[in-house]
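User: I would like to learn how to read a structure one feature at a time. Please take me through it slowly.

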Amino acid sequence: MIKRYKLSPEQVPAENQRSYVEYQGRGVTLFNIDGQLHAIDDSCPHQGASLYGGRLEKETIQCCAHGLRFNLRTGYMLNSKHVKLSRFNVEKTDGRVFIIFPEET
């Protein structure tokens with residue numbers, strides 16, 4: 001079973017911007033890259049640093065703490081298939097935007 005978190009219009013970032021939301025005590029960073037929304041757990045899989053303030057270059061976010069870079073579309077660390085961000089699907093329906101969480105989230 002999945003859970004759908006409805007975003008308010010204020011929570012949806014403008015194009016090429018980001019926003020931060022909380023869902024059940026978990027931080028989620030939402031990116032709008034050229035109109036495509038990407039939602040990730042706001043915790044670097046390396047040591048848990050926030051990714052919200054990381055350097056963004058197209059679809060790549062760089063962790064502020066140690067410089068690791070991740071592809072927002074796939075979640076994988078660049079040049080690796082062993083380290084991956086937690087990503088969440090984003091759904092747009094009838095003008096509303098939802099982040100889709102697996103039940104165990």
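User: Is arginine 26 buried, partly exposed or exposed?

Analyst: Keep in mind that this is a predicted model. Buried means under 20% relative accessible area and exposed means over 50%, with partly exposed in between. Arginine 26 has a relative accessible area of 26%, so arginine 26 counts as partly exposed.

User: Where does arginine 26 lie?

Analyst: Arginine 26 lies in strand E3, which covers residues 26-33.

User: Which side chain does arginine 26 contact?

Analyst: The side chain of arginine 26 makes a polar contact with the side chain of aspartate 41, at 2.9 Å. A salt bridge needs a side-chain nitrogen of Lys or Arg within 4 Å of a carboxyl oxygen of Asp or Glu. Arginine 26 and aspartate 41 form a salt bridge, with the closest N and O atoms 2.9 Å apart. Aspartate 41 belongs to strand E4 (residues 36-41) and arginine 26 to strand E3, so the pair ties together parts that are 15 residues apart in sequence.

User: Is aspartate 41 buried or exposed?

Analyst: Aspartate 41 has a relative accessible area of 12%, so aspartate 41 is buried.

User: How many salt bridges does the structure hold?

Analyst: The structure holds 4 salt bridges. One of them joins the side chains of glutamate 91 and arginine 4, at 2.4 Å from N to O. This pair links distant parts of the chain: glutamate 91 is in strand E8 (residues 87-93), arginine 4 is in strand E1 (residues 2-7), and they are 87 residues apart. Glutamate 91 is partly exposed at 29% relative accessible area, and arginine 4 is partly exposed at 43%.

User: Which residue meets arginine 73 in a salt bridge?

Analyst: The side chain of arginine 73 meets that of glutamate 59, with 3.4 Å from N to O. Arginine 73 sits in the loop between strand E7 (69-71) and E8, and glutamate 59 in the loop between strand E5 (55-57) and strand E6 (60-62), so the pair ties together parts that are 14 residues apart in sequence. Arginine 73 is partly exposed, with a relative accessible area of 49%. Glutamate 59 counts as partly exposed at 25%.

User: Where does UniProt place the feature "domain: Rieske"?

Analyst: The unreviewed UniProt entry places "domain: Rieske" at residues 4-99. The end C-alpha atoms of residues 4-99 lie 6 Å apart, and the span is 0% helix and 46% strand.

Notes:
Residues numbered from 1 in each chain as written. Predicted model: local features only at pLDDT ≥ 70, side-chain atom pairs only at ≥ 80, totals over all residues. Heavy atoms only, no water. UniProt positions renumbered as here; feature names shortened; annotations may be inferred. Helix = DSSP H or I, 4+ residues; strand = E, 2+ residues; numbered from the N terminus. Buried < 20%, exposed > 50% of the residue type's maximum accessible area, 1.4 Å probe, protein only. Polar contact = N/O pair within 3.5 Å; in protein donor to acceptor, adjacent residues only side chain to side chain.
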